[in-house]
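I opened the model to look up its nonpolar packing, its overall size and its backbone exceptions. My entries follow in the order in which I made them.

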Amino acid sequence: MTTDAAAVPDWEKRFRAPRVSLPDWAEDAPDRALFVSNATGTYELYAWDRSSGRQRQVTDRPNGTTDGVLTPDGEAVWWFSDTDGDEFGVWMRQPFGGGEDEPAAPGLAPSYPAGLAIGRDGSAVIGRSTDEDGTTIHLVPTPAGEPVEIYRHRESAEVGDLSHDGTLIALEHTEHGDAMHSALRVVRPDGSTVAELDDTEGGTKELGLAVLGFAPVAGDTRLLVGHQRRGRWEPMIWDPVAGTETALPVDLPGDVGAEWYPDGSALLVEHSFEARSELWRYEPGAPEPVRVETPAGTVSGATARPDGTVEYLWSSAERPPVVRSTSGAVVLDPPGAKAPPSVPVQDAWVEGPGGRIHALVQKPAGEGPFPTVFEIHGGPTWHDSDAFASGPAAWVDHGFAVVRVNYRGSTGYGRAWTDALKHRVGLIELEDIAAVRDWSVASGLADPERLVLAGGSWGGYLTLLGLGTQPDSWALGLAAVPVADYVTAYHDEMEALKAMDRTLLGGTPEEVPERFEASSPLTYVDAVRAPLYISAGVNDPRCPIRQVENYVDRLAARGAVHEVYRYDAGHGSLVVEERIKQVRLELEFTLKHLGGGAVVGAPGPEAA
């Protein structure tokens, strides 16, 4: 890495620029906050005393740390300790002001995390997931107390929230067997049930619920929940003790979430529609919400402070992220060079086999057709938005147009759009991607001879599946941490993802082998003709390495053009230089096989 800032290309500067997450503050000590930053070159947790301005790094691990929470009194930081990104570990605790780490619940063996809620009396509710036990939830009465199991089930579940006084615990569970649509249960600390809310009717209806949080007021038993009863996500208030449900007149298009203001008098409403988002304030009983002014783009997180101001993390495809306040101030501005801007995103609406498809387009200067990268998002229940992303910006810098498709399965376009991918998994999404591909060529945007299919996680899976089922459509593929051999992936992945795959495909590989075969990239590997680059984390619990190796072996056996990069981390990397290296390798592979100039800022052969 050069020390001459002028010699560092913009695409690398975007990755290296210091970033911060939206600070999370302690409920009873609002001047104490916790945030994530890449200031050291690795994403780690930082404690921030807002009254004094003092910041200090809480965690320092080779592969980074992002999962952490403050205790309500702000006296301690809990953070999740896994091994090199494998997501399997234990919660640790460290004093807010600094000191030694210690196990937060020494009586609990390592597991995958399944939610955490910390009480004001020092107790904690800890969710765990393991292959052997499924989901277990434990109450730890005091920091040194013996954990007590209060819930166990083979299907996936998660701790949702703990009431202000610690007498009620909200859980999300999928005991009905549909991992895409949770039901809710509120229990006492002894595990006894207070109330149930289940919109799936035992798994016969595909309607989900989500815990958004108990009212932050002593003695208040109201629980804010998300529901899908009107075909999209929106909030309502459920009182599990009184047995009442209160609908909220927040009639905004798209998906709607919410959280409480600190005094419980109002809700901060987060509204997502057509790849943008905005904020509203709603006071229960009022006829409608009031807009909280934010710039056009994407709000990636927001919180209401005790004084009524709202802090939020905002960005757009053109402008880098910044933590702002409705008071007009920048809340947290990391030191160091700022990320260079990119180009704005343009909307494309394309008629597809399942309805109108929304795609986001960024393109370089000049006239097309351009070499074009279809950057496919992961999830699959996620969506691309008008938000800053260093990866797509790097492609634009190198003369490529970038198209991102919110295919069926994506969130933000209603429940029916999200749920449409079930059973014909992968193939449904690729129909939408193919429709947008055809539009991109017909519109003059994309060069049909230089089309790249790319993505990570589920996007990597769709890349491999697309190269095999649509071999004439793509000139090259870039697949990061993909599902490659669906049957082996199912047997090796973490338990919660097994549950999701059973929901998506309608059973296990033994129960519905024809569906796993139809949706597995390995089935079509011999049809792949495009040069293919694959990267994979050797500790990945979501898209495990063995199933990637099975796919690579089949490529190698027939001499297919491919390269594989394996790195020592999990489902992606939190190390900035590692991420830059991966993007550089993708750029080099693409330019090598599609033609073009050298990668700007590429190292010499000895450093590759």
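**Cores.** I began with the largest nonpolar core of this predicted model. The core holds 54 residues, and those with the most contacts inside it are Phe374, Ile433, Trp458, Tyr486, Ile534 and Tyr551. I then looked up which element gives the most to this core, and found helix H5 (residues 458–469), with six residues. In soluble globular proteins, nonpolar side chains tend to be buried together.

Leaving out residues up to four places away in sequence, Ile433 touches Phe374, Ile376, Val405, Tyr407, Leu453, Leu462 and Trp474.

**Whole chain.** I counted elements next: the protein chain has 10 helices and 36 strands. Its radius of gyration is 24 Å, close to the 25 Å that the globule rule gives for 608 residues, so the chain is as compact as a globular protein of that length. The C-alpha trace spans about 65 × 55 × 50 Å along its principal axes. I noted that 57% of the 608 residues count as buried. The accessible surface is about 23400 Å², and carbon and sulfur atoms account for 50% of that surface.

For contacts between residues at least 6 apart in sequence, I recorded that 52% join residues at least 24 apart. For charges, I recorded 50 positive and 92 negative side chains, with the centres of the two sets 4 Å apart.

**Helix H2.** I checked how far helix H2 (residues 390–397) is covered: seven of its eight residues are buried. These are Ser390, Gly391, Pro392, Ala393, Ala394, Trp395 and Val396. What covers them? I found that the cover includes helices H1 (10–16) and H10 (576–594), together with strands E30 (355–362), E31 (370–376), E32 (401–406) and E34 (476–480). Just after H2, Gly399 has a positive phi of about 90 degrees.

**Asn550.** I looked up Asn550, which sits in helix H9 (residues 545–557). Is Asn550 buried or partly exposed? Its relative accessible area is 26%, so Asn550 is partly exposed. Not counting residues up to four places away in sequence, Asn550 touches Asp485, Thr488 and Leu522.

**Backbone exceptions.** Most residues other than glycine have a negative phi, and most peptide bonds are trans.

I noted a cis peptide bond from Gly368 to Pro369, with omega near 5 degrees. Pro369 lies in the loop between E30 and E31. I noted another cis bond joining Gly379 and Pro380, where omega is about 0 degrees. Pro380 lies in the loop between E31 and H2.

For phi, I listed Glu201, which is not a glycine and has a positive value near 50 degrees. Glu201 is in the loop between strand E16 (193–197) and strand E17 (209–214). I also listed Val481, again not a glycine, with a positive phi of about 35 degrees. Val481 is in the loop between E34 and helix H6 (486–492). With a relative accessible area of 7%, Val481 falls under the 20% cut-off and so is buried.

Notes. Residues are numbered from 1 along each chain as its sequence is written. This is a predicted model: local features need pLDDT of at least 70, side-chain atom pairs count only at pLDDT 80 or more; totals for chains, interfaces and linings use all residues. Side-chain values use heavy atoms; hydrogens and water are left out. Buried means under 20% relative accessible area, exposed over 50%, partly exposed in between (1.4 Å probe, protein chains only). Helices (H or I, at least four residues) and strands (E, at least two) are DSSP runs, numbered from the N terminus. Contact means heavy atoms within 4.5 Å. The radius of gyration is taken over C-alpha atoms; the globule rule is 2.2 Å times the number of residues to the power 0.38. Accessible areas come from the Shrake-Rupley method with a 1.4 Å probe; for residues, only the protein chains shown count as cover. Lys and Arg count as positive and Asp and Glu as negative; His and the chain ends are not counted. The place of a charge is taken as NZ of Lys, CZ of Arg, CG of Asp or CD of Glu. A nonpolar core is a set of buried Ala, Val, Leu, Ile, Met, Phe, Trp, Tyr and Cys residues joined through side-chain atoms within 4.5 Å.
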